[in-house]
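Please go through them with the structure open.

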Amino acid sequence: MSRFSITLQSLHDEVSSLERKLDESEASKFLYDEVAATLRRILREPVYHLRDQLDQNDSFDLVITWMKLENRTVRSIRLADLQAPKIFLQNELRWVRTMVEHFSLWADGIEPVYTEDEIEELENSDVDTGVDDEVILLDQIKGALYGFAIGDALGATTEFMMPDEIQRKHGRITEFLGGGWLGLEPGETTDDTAMTLCVAEGILDSPRDPIDSIGRLFLHWQATHPPDIGVTVRHALAAYQGDWARAAKKTHLELGGKSAGNGTLMRCLPVALAYPDLQKMEDITVRQSKMTHFDDLASEACLIYNRIAHRVLNGENLRVAMVLETEETPYRNTFLQRPTARPDGFVVNTLTWVFYLLWTYPTFAEVVQQAANEGYDSDTVGAIAGGLKGLATGHGPLSDWGNKLKGADRLNYVAKKLLELRMSQLA
Ligand SMILES: [Mg+2]
């Protein structure tokens with residue numbers, strides 16, 4: 001049976017527990033309003049318009065699911081025909097239930113097709129989407145890696161620039177322009193993608209304990225003399241003498257106790273992609289951060305980010321995952337307003353901006369474009385935000401950008417290998 005099969009019975013309990021958690025959060029109110037508005041708008045439109053909503057709104061698949069559940073017109077459309085980047089029934093049905101209960105949608109002129117008895121019967125049966133797990137997973141992993149690299153390449157043009165300076169020089173950035181302080185080709189990526197690939201390939205080399213492999217690849221990369229190697233990473237690689245934790249501690253002291261840069265947050269995503277086991281994933285996430293960045297703020301940010309990725313990989317809605325994983329952290333509700341801090345290299349500022357962009361802008365394009373136009377550490381902020389957004393949308397909506405990206409062959413290869421690794425642990 002498919003991982004995305006559902007048992008409605010179990011969803012009912014999940015709705016209650018999710019609601020309890022979300023009700024305590026200020027952020028959830030925004031989420032409810034937005035999804036409810038989307039539902040109401042889309043449900044009034046003919047089915048052929050629904051196709052246009054795809055890629056536009058991440059609430060789309062929840063609406064499809066709801067309509068399917070309620071035996072509406074959509075039943076005649078096979079989900080695969082919609083070329084949906086992802087159909088995550090389990091998560092979305094939970095939301096549908098929540099929406100229905102919270103907003104009394106029936107009262108808004110929308111009536112359920114099923115009788116109480118029929119619903120009860122449905123609750124005891126499984127619904128199979130017919131969508132293959134492996135296909136969905138590859139689409140997610142490719143979406144994450146491409147999303148990351150696209151955000152990096154787009155933001156590289158404006159790294160270290162200020163918004164008004166960007167405006168004067170480029171107007172609004174919407175496409176790969178290259179240039180920037182590194183003098184790049186359009187579609188070329190920077191250290192963020194290079195280090196992310198080192199982490200991915202280090203894991204693929206030695207999945208059980210990848211730290212030494214990752215470190216070896218960092219050192220190989222350093223030997224190519226990249227012009228944009230970050231301060232903390234440069235110090236740590238120079239300080240390494242066979243023990244990464246020691247190198248990070250030494251770096252921390254040398255830098256006057258400052259090692260909370262975003263250099264580990266920007267490379268941690270492959271850990272979430274590779275390991276379906278939460279504990280293992282968390283362990284490697286923290287340890288890869290501590291290789292170069294001693295400060296707990298850096299590893300904390302990696303953990304929160306990868307826990308969100310873990311949820312999305314399991315079919316949860318990105319913004320719901322953000323709410324749940326930030327509830328007990330200093331990032332709680334910070335993304336509801338535009339951050340006052342700059343989107344610079346301090347990991348807390350970076351992650352706050354990443355969350356703000358993901359929360360505020362509905363499409364992948366808007367998320368990475370906005371990051372590029374905000375300047376400062378725009379390539380890194382764009383990459384980190386683009387990675388999660390690409391994971392959530394899947395690779396489909398990113399393919400136009402992807403065709404213009406340099407180094408896509410390596411991304412494809414790594415995505416395929418990460419898929420194999422993840423699947424081997426799920427078997
Ligand atoms: Mg960079």
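At roughly what angle do the axes of helix α11 and helix α12 cross?

1. The axes of α11 (residues 231-239) and α12 (residues 244-254) cross at roughly 125 degrees and come within 8 Å, which makes α11 oblique to α12. Axes are lines fitted to C-alpha atoms, for helices over the stretch in contact, with angles from 0 to 180 degrees between N-to-C directions; under 35 degrees counts as roughly parallel, over 145 as roughly antiparallel, 65 to 115 as roughly perpendicular and the rest as oblique. Helices are DSSP runs (H or I, at least four residues), numbered from the N terminus.

2. On the α11 side the contact (C-beta atoms, placed from the backbone, within 7 Å) is made by Thr232, His235, Ala236 and Ala239, and on the α12 side by Ala247, Ala248, Lys250, Thr251 and Glu254.

3. Helix α15 (residues 296-313) and helix α17 (residues 347-360) have axes that come within 9 Å and cross at roughly 20 degrees, and therefore α15 is roughly parallel to α17. Leu297, Ala298, Ala301 and Tyr305 of α15 meet Val347, Val348 and Leu351 of α17 in this contact.

4. This is a predicted model, in which local features need pLDDT of at least 70 and side-chain atom pairs count only at pLDDT 80 or more, while totals for chains, interfaces and linings use all residues. Residues are numbered from 1 along each chain as its sequence is written.

5. The mean pLDDT (the predictor's confidence in each residue, from 0 to 100) is 78 for the protein, and 69% of its residues reach 70 or more. Over residues 1-19, however, pLDDT is below 50, and over residues 38-115 pLDDT stays under 50. Where pLDDT is low, the predicted coordinates should not be read in detail.

Technical notes. Helices (H or I, at least four residues) and strands (E, at least two) are DSSP runs, numbered from the N terminus. Two residues are in contact if their C-beta atoms, placed from the backbone, lie within 7 Å.
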